[in-house]
Amino acid sequence: MRKILFFMLVIALVSCAKEEITPVADTQIEGLKGKVKSQVTTSSNSFFGLAGKHVTTYDEQGYKVSEELLIDESKTGEYTLLAKVEYVPYLNNSRSSKTYGADHKLYNMTTTKWLTNQSYSVVLENVKDKNFINIEEVSIDDKGGQVYIESRNEYVDKSQENTKVRTKFLYDDRGYKISEKQSFNDDPYREVKVINLAFDKQGNITKQKMVSDEVDANYEVEYIYEYY
């Protein structure tokens with residue numbers, strides 16, 4: 001009887017010691033400060049050299065509600081919708097999202113799952129092309145900021161060669177991103193330096209410049225925020 005009680009106690013202690021996983025808020029992962037309701041990112045080099053806007057909305061807890069990607073295809077300052085992402089709130093440590101095109105048709109479905117309190121995976125499946133899967137594995141630091149992403153394109157029938165992109169992020173002492181290093185497959189890492197030029201009253205970046213001697217990535221990005 002004593003042995004049974006002992007083993008039951010051990011099992012209970014192990015169960016209690018198991019890590020409880022809580023998804024980190026998207027605003028924290030992105031290094032945003034304050035209760036951000038929306039963020040509008042405008043860049044002269046968003047999609048294949050075209051100017052673009054990225055509109056993200058968050059709930060009061062800091063988790064994403066939706067994203068919209070818009071491009072200035074005509075180069076006239078008129079932005080048109082390219083895609084929209086709608087998020088389903090987290091259930092335990094997982095959530096899903098759906099990506100719709102400008103034609104309102106469903107194109108991609110994504111599942112985000114937290115593996116530990118400092119890592120998660122994102123699996124993207126194309127609705128039409130069941131042969132293609134994109135898998136991201138993300139690591140964050142103790143402050144919640146992304147420090148490493150490995151993104152892999154995989155083909156189920158092996159008709160194309162699988163590829164991967166690895167990205168490392170570096171921050172200053174205040175938590176602002178100052179560097180991105182990226183490697184395609186097993187090529188050497190190439191660095192893009194991030195220069196933060198202006199901030200709002202909350203401490204969020206409003207103007208940023210990307211510069212690099214190693215890749216074609218010299219452009220500016222502007223941010224506009226709405227708060228709760």
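Is Asn185 buried, partly exposed or exposed, and what is its relative accessible area? In this predicted model, Asn185 is partly exposed, with a relative accessible area of 22%, a value that falls in this class because buried means under 20%. The residue is located in the loop between strand E11 (177-184) and E12, where Asn185 adopts a positive phi of about 55 degrees despite not being a glycine. A positive phi, of about 70 degrees, is also found at His104, likewise not a glycine, in the loop that links strand E5 (94-101) to strand E6 (106-116). His104 counts as exposed, at 64% relative accessibility. Most residues other than glycine have a negative phi.

The largest nonpolar core comprises 12 residues, among them Leu32, Val36, Tyr58, Tyr176, Val192 and Tyr225. At least two residues of this core come from each of strand E12 (190-199), strand E13 (205-211) and strand E14 (219-227), and E14 gives the most, with 3 residues. Leu32, a member of this core, touches Thr27, Gln39, Tyr58, Asn204 and Tyr225 when residues up to four places away in sequence are not counted. A second, separate core of 9 residues includes Tyr120, Val122, Val138 and Phe169.

Strand E14 also takes part in antiparallel pairing with two strands, being joined to strand E1 (residues 36-47) by 7 bridges and to E13 over 4 bridges.

How values were computed: Residues are numbered from 1 along each chain as its sequence is written. This is a predicted model: local features need pLDDT of at least 70, side-chain atom pairs count only at pLDDT 80 or more; totals for chains, interfaces and linings use all residues. Side-chain values use heavy atoms; hydrogens and water are left out. A nonpolar core is a set of buried Ala, Val, Leu, Ile, Met, Phe, Trp, Tyr and Cys residues joined through side-chain atoms within 4.5 Å. Buried means under 20% relative accessible area, exposed over 50%, partly exposed in between (1.4 Å probe, protein chains only). Contact means heavy atoms within 4.5 Å. Two strands pair if DSSP finds at least two bridges between them.
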